[in-house]
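Here's a quick briefing to read alongside the structure. Have the sequence handy and follow along.

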Amino acid sequence: MKKLSYIILLAAFLTTSCQKDPMDGIKSHERAIESFSVGAGLVQIGPAVIDRDASTVTVRVLVQPTNDFSKVKPTVIASYKSNLQPASGAEVDFSGSGNEATYTVTSETGEKKDWKVVLQPFSEALLGTFKINALVVYGGTGPEYGGGAVLKLDDKPWDWPATEGPSVELDNSLTFTYTGVTADGNTYGKIVNNAGADGKYANFQYIQNPVTDVNSFYRKIPKGEGTWLHNYSNNTITFTFADGSTSTGTFESAGTTSLGNGLNKTITDNAFKFTLNGVDDWNNIYSDYDKFVKHPRVFWVDVKKQ
């Protein structure tokens, strides 16, 4: 029985090995660029955008003082059995107008297609130093009944500790530096929250009755040093604190947003925006306690780049 099994396996092998590859003798007409990365010396943000219809490749490259577009050595993958010129890894000058270069892909059948490759400079808007100008909350139960408001936290100084209230953050500065980029093209780096001339950070304690710790709502940016990650797929900024905890918001540009019920928020320069998870408290509607403690809805850290 064992001998018979060997015979059957040998017959199967011989049958398979004698079958002709259905692709034998068929030459490929494909002449596409399948992937493109800029290689060492430049920081690529996300995968290259390849438009097969337009025969273009667009690659976002982080703007840095060390960038040299004249001696780029990209890694390029083209269609199976095609020929690529310039070859993958060859030095190419992208420093001309538009940061463009042309690659030619020749199929196995000898057909050619020119591809325009563009290195698109990308500026990380977070890099640099920002001064904190205001801490603003939109909160309140039943805004459709007049229970909502948009307030600067320091508009009601009596609700906060005299020496550790929100106003002590208004001389703070936030400095963002670049560290690297993830495999999926998201930038990350270090943030330093400088306490300013007074050397203080706010302790977000609501001191009216009932006294309540609301740091979970308003301590969204780390004290001292932390890290940041900019996710470009959903435009979020995630801050990581020294203890490993995180907060996630968005980085907003100047403009006015309608919040409904006659309420608006105007951003003069930029702001970090955080959605909060307060809950309705109809027993305390119209009170500071409701707006700051029970149902804060959105929190903005208004900043201006220095």
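R52 forms a salt bridge with E34, and their closest N and O atoms sit 3.9 Å apart. (A salt bridge here is a side-chain nitrogen of Lys or Arg within 4 Å of a carboxyl oxygen of Asp or Glu.) R52 lies in the loop between β2 (49-51) and β3 (56-62) and E34 in strand β1 (residues 33-37), so this pair ties together parts that are 18 residues apart in sequence.

Before you go on, keep in mind that this is a predicted model, where local features need pLDDT of at least 70, side-chain atom pairs count only at pLDDT 80 or more, and totals for chains, interfaces and linings use all residues. Residues are numbered from 1 along each chain as its sequence is written, and side-chain values use heavy atoms, with hydrogens and water left out.

**Salt bridges**

- The structure holds 10 salt bridges.
- E30, E34 and R52 are linked in a network of them.
- R52 counts as partly exposed at 42% relative accessibility, and E34 counts as partly exposed at 40%. (Buried means under 20% relative accessible area, exposed over 50%, and partly exposed in between, using a 1.4 Å probe and protein chains only.)
- E225 and K190 also meet through their side chains, at 4.0 Å from N to O. E225 lies in strand β14 (residues 224-231) and K190 in strand β11 (residues 187-194), so the pair ties together parts that are 35 residues apart in sequence.
- K265 and D302 make another salt bridge, at 3.0 Å from N to O. This pair links distant parts of the chain, with K265 in strand β17 and D302 in strand β18 (residues 296-305), 37 residues apart.
- Are K265 and D302 buried or exposed? K265 counts as buried at 4% relative accessibility, and D302 is buried too, with a relative accessible area of 12%.

**Strands**

- Helices (H or I, at least four residues) and strands (E, at least two) are DSSP runs, numbered from the N terminus.
- Strand β8 (residues 128-139) and β9 pair in the antiparallel sense over four bridges. (Two strands pair if DSSP finds at least two bridges between them.)
- V136 stands opposite K152 in β9.
- Strand β9 (residues 149-152) has a covered face, A149 and L151, and an uncovered one, V150 and K152.
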